[in-house]
Each structure stands twice: as structure tokens, then as C-alpha cells.
Amino acid sequence: MNVDKNSPVGIFDSGIGGLTVAHAIRAALPRESLIYFGDTAHLPYGDKSEAAVQAYSIKIADVLLNKGCKVIVIACNSASSAAYELLKEYTGTRAKVINVIDPMVNHLKDNYEGKKVGLIGTKRTVTSNVYGKKVKALKKNISLESIPTPLLVPMIEEGFFNNKISYEIIEKYLQNKDLQNISALVLGCTHYPLVKDQINKFYNNKVDILDSSEVTAAYLKNYLIEANLLNDKHVEEDHFLVSDYTDSFEASTKIFFKERVKLERYILWG
């Protein structure tokens, strides 16, 4: 299938947390048509093997390719780490594949040479050291300190954010000695933009809070401009697919996308 300017942008995540990336893309590129796939039958990817995440990612890529997507955005740090290289090879010239890690690493390269930068993420993302390896390869003398913050995802998904409970948990994590005297903090999980204001409050707005959803959306916009693939028509209806459906999933879409969206169940296996 040949793609053109009016082909949709595909986005996928292990669940609906990647809707923060979709929302940032919608804000940066209001004329683009989006197809989002949340693999809610297999969430979270963070505790799955690399082989399993790769298998899920290939299957989802097939769905998005069959729907004619010109770009596939991996809106998940775990899938970006485990499956990006494989997906890029598998997709070939059919669609551009973008992850949420490389745009952030490029942003650090351009803005934080010689600086100390912190990163918070899931245990899977931090222990993989994927950011650390890529930042070291830049040879820009950027000191990256990463700490796992495993309570933040379940806390956000249960609706505990922007309140006293969430602030105390965030404060406890950010008081870690490894995060002292940083110039910027990378939010290494697509759930974390929802607590960005509280993180800013902790640092009294004196540390740059780097939101991977916004950085990825800006990276995508630059790519579409350079590739002459910006949509030049009015946006078509967005589609939000999930591999498993519950009312609670649909209700919580408003948390991540800032508005309620209609989920369509799409049987991924079988």
C-alpha cells in the first residue's frame, strides 16, 4: 500500500498510557489522522520477556500497516527498547518507525552537553540502561542518573495524581541523592506527563522537566515536514483500537487524552 500526505499516523502502546503521546501529537499536528492501538490484553509490557514484546509489536505493526499508516510511533518505553530495531527492519520502506527514546536522546545531545540530567522510569526501562547507553554514545559529557519509580504507573492508573498522596510519593522518589543538582529530568514513561506539574512544584520550576510525549511529537512533526508528508487536508476521524475492552479502560482514556474517546475492540490474536 502506498502512503501519501493524507495517510494516517499510527501509534501504539501496551495500554492506554501512550495516549499522552497521541494527545501531544494531536496538539502539534492537528490536521493528522491518528490510529491508536492499545494492547490492553497484554499490559503491562514492562514485565514481559523481550521476545513476547517483539511478537506483540510485530502483530500490531501489521494492523497499522494494513490501515495504511505512513508512520508508526512506538508510544511505550518498554516496546521502544525491546522492539524498535526489529520493527524498523520488518517495516522497511512501508512506513517510518519512531520510538520515544531516540527523540529524547537527540534533545539531550542538542541542549545538555556537559550537564547532569536525571531520569525516572519503570524498573524495566531503568535496568535496561537503554537511555544510559545511547547518551554515553553521544560523547557529549552528559551525566545521566536514572532511578526506577515503580509506584508512579499504578498510582496514576488508579487516579491518584495531583493530590497530597501522589505528591508525597513523588517527593520521596525525587529526594534520591542521585537526582541532586540536575539541570533537567527526563520523564521516561508515557504515564508521567500526568504528574509533570507536581514534579515542577518539587523543583520550584528550577529544573527542566523533559516530557517524552512532547519531544516525540516535535520529532514527528520535523520528520513529516522534511519528508513532505504533512497532511494538507482536514483531519479525518481518529480511531482508537484496543486488544481487550472494559468500561474502565474507556473511562480512563480521558485521563490520558484529555477527552473521552470511543474505544474499538480489535482481536489481535486468533
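Visitor: At roughly what angle do the axes of helix α2 (residues 50-66) and helix α3 (residues 77-91) cross?
Guide: They cross at roughly 50° and come within 9 Å. Axes are lines fitted to C-alpha atoms, for helices over the stretch in contact, and angles run from 0 to 180 degrees between N-to-C directions. This is a predicted model, where local features need pLDDT of at least 70 and side-chain atom pairs count only at pLDDT 80 or more, while totals for chains, interfaces and linings use all residues. Residues are numbered from 1 along each chain as its sequence is written, and side-chain values use heavy atoms, without hydrogens and water.

Visitor: Why are α2 and α3 called oblique to each other?
Guide: Angles under 35 degrees count as roughly parallel, over 145 as roughly antiparallel, 65 to 115 as roughly perpendicular and the rest as oblique. The angle here is roughly 50°. α2 and α3 are therefore oblique.

Visitor: Which hand does the crossing of α2 and α3 have?
Guide: It is right-handed. That term applies if the near helix is turned clockwise from the far one by less than a right angle, and left-handed if anticlockwise.

Visitor: Which residues of α2 meet α3?
Guide: Among them are Val53, Ile58 and Leu65 of α2, while the α3 side includes Ala82, Leu86 and Tyr90. Contact means heavy atoms within 4.5 Å. The contact residues divide into ten nonpolar, four polar and two charged. Here Ala, Val, Leu, Ile, Met, Phe, Trp, Tyr, Cys and Pro count as nonpolar, Asp, Glu, Lys and Arg as charged, and the others, Gly among them, as polar.

Visitor: What makes helix α1 (residues 19-28) largely enclosed by the rest of the structure?
Guide: Buried means under 20% relative accessible area, exposed over 50%, partly exposed in between (1.4 Å probe, protein chains only). Seven of the ten residues of α1 are buried, so the helix is largely enclosed. Ala22, Ile25 and Arg26 are among the buried ones. Their packing partners include β1 (9-13), β3 (71-74) and α10 (212-226). Helices (H or I, at least four residues) and strands (E, at least two) are DSSP runs, numbered from the N terminus.

Visitor: Why are α1 and α10 called oblique to each other?
Guide: Their axes are 8 Å apart and the angle is about 45°. α1 and α10 are therefore oblique.

Visitor: How do you know whether Asp238 is buried or exposed?
Guide: Its relative accessible area is 17%, so Asp238 is buried. The residue sits in the loop between α10 and β9.

Visitor: What joins the side chains of Asp238 and Arg26?
Guide: A polar contact of 2.7 Å. The term means a pair of N or O atoms within 3.5 Å; within protein, one must be able to donate a hydrogen and the other to accept it, and residues adjacent in sequence count only if both atoms are side-chain atoms. The Asp238 side chain also reaches the backbone nitrogen of Leu34 at 2.9 Å.

Visitor: How do you know whether Val195 is buried or exposed?
Guide: With a relative accessible area of 0%, Val195 is buried. Beyond four places in sequence, Val195 is in contact with Met155, Ile156, Phe161 and Ile170.
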